[in-house]
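Open the model in your viewer and keep the selection tool ready. This tour goes stop by stop.

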Amino acid sequence: MSRHRRPEGVNWWRLWSLQGSFNSQRMQGLGWLVAMSGVWARRGLDAEAARAQLLDEPTSANTHPYLVGLALGARLRLEEEGEVAQARRVSDGLERALGGIGDRLIWVGVVPFVGVLALGALGVVGPWAVLGIWLAFAGAQAWLRRRLLFEGYRRGAAVLTLLEDRRTRAATSQLGVAGALLSGLVGGLVLSRALDSSAEPFATAAAVAIAGTWGVVCARWRMRPEAWALGLALVAGVVSGLSHVLS
Amino acid sequence: VIGPAIFLGALAGLDRTAFGQTLFAHPLVVGSAALLFVGSSPDAFLLLAVLTCLDAPQIPVGPVRLRDWGSAAVVGVTLGTEASTPAGWALALLLGVGVAMVGGLSIRAVRNLALRAMPRVDRAIATGALAELEHIHLVLTALPALRGALVTAASLLVGRALFDRGLPAVAGASGEEFLSLIWRLAPWAALPVLCRLHWSRRRWIPAGLGALGGATLLALQLRGGWS
């Protein structure tokens, strides 16, 4: 089979909708089949050949949606080289590995940092700055998806050497440091906006101390948001009642 | 602003997990987009900050129970801006928490629907019908957009009735004072949730520097040097 410069039959919408039919049992299983089906259709498989391919695929899949292109690209390269059995083993292994790496790097590292950066931008500049940050993030992840697909296709089985876990751990750690610094600054910005300077200082200090303690309790024991809201209402009720009694 | 709000709810519903996951469904992003229609204000910033704090610990890994903070942000910002009183913003916040919960249940319902479609998927696999598989996948991908639009529309409807009847009923009474107090205290109770997420894992030096910077901003505000 001839080698192409880029994988044929992989449309962007197939990669972007990997989680479209997500469910608790098969997770991204159907999304993966749909991503592969574009390639099979391009190769001109008839119904019987397509059936054989579909029955050979695992029914469930779970990987990181931003990084799935790497597994798909490597799989297609190996299939074109005639290494069908190895192609399946490599893509199955890559899916699991990329799921772990992506969860740590993207959901635990990048997204919380971007969130706190956007919060600061909203407070200092305004909503347009947040939308600008979102556009930059969306553009970067679109570029990453495309780049990883091409990189996986270019390298084939050698793509496994790209999964240098140390680098993603270092990146996550650096983002965490930046997030810790930024969250303190943004916290001060938010509280300075929330502070009612016209109120009586002692009563305000007492009220915010009680509310802050409640927030620490919620954070420490990872309480649900509804419990947080009910507790906040209770705190407000207690503070309101005390202020009436004291006045 | 109802039409744009529902449109934003649909886009956020689609983006949350089904298509793209570009962070458009983040409460700050979709809430900021809603602010372009209703107008920005310091109170809207505080509402989005509190919702962001509550959303932050949620990591969309595997079959985790998600909450719909995107719809909550759109509904909260829209109704809070219309009321534009401390009591109104408090009601918008409490309503937002409720919308996030109900939206989370609707996300589970959509995923259960996807699960129920799996026998059809198996039949399509057994016959090698690639077009049928794509059709099922595309329908299931579009469902979250419909879900987001419906949750946002229903929440705006219920929320507006609550605002129209509830706020005049408590005006000038202790209920209004109670709601205003909730609004004043909410950021203080929400920020520890965000800080714990970023300050864990023994990042003492950057966390300490960040806290020092935040405290400086607060001190400047207290001295009237920060606006």
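Buried here means under 20% relative accessible area, and exposed means over 50%. Keep in mind that this is a predicted model.

**Stop 1: a helix in chain A.** Select residues 201–220 of chain A. This is helix α8, with 20 residues. From its first C-alpha to its last it reaches 28 Å, close to the 28 Å expected at 1.5 Å a residue.

Which residues of α8(A) are buried? Pick out A:Thr204, A:Ala207, A:Val208 and A:Ala211, then A:Gly212, A:Trp214, A:Gly215, A:Cys218 and A:Ala219: these are buried in α8(A). They sit on the same side of α8(A), because they cover an arc of only 155 degrees around the axis.

Which helices supply at least two residues each? They are α7 (165–194) of chain A and α9 (204–222) of chain B. The largest share, 4 residues, comes from α9(B).

Stop 2: Zoom in on B:Ile205, in helix α9 of chain B. Is B:Ile205 buried or exposed? Its relative accessible area is 66%, so B:Ile205 counts as exposed, the cut-off being over 50%.

**Last stop: confidence.** Color chain B by pLDDT. The average for chain B is 93, and 97% of the residues score at least 70. Where pLDDT is low, the predicted coordinates should not be read in detail. For the model, ipTM is 0.94 and pTM is 0.94.

Note on methods: Residues numbered from 1 in each chain as written. Chains lettered and ligands numbered in written order. Predicted model: local features only at pLDDT ≥ 70, side-chain atom pairs only at ≥ 80, totals over all residues. Heavy atoms only, no water. Buried < 20%, exposed > 50% of the residue type's maximum accessible area, 1.4 Å probe, protein only. pLDDT = per-residue confidence, 0-100. Expected span 1.5 Å × (residues − 1). Arc of directions from axis to C-beta.
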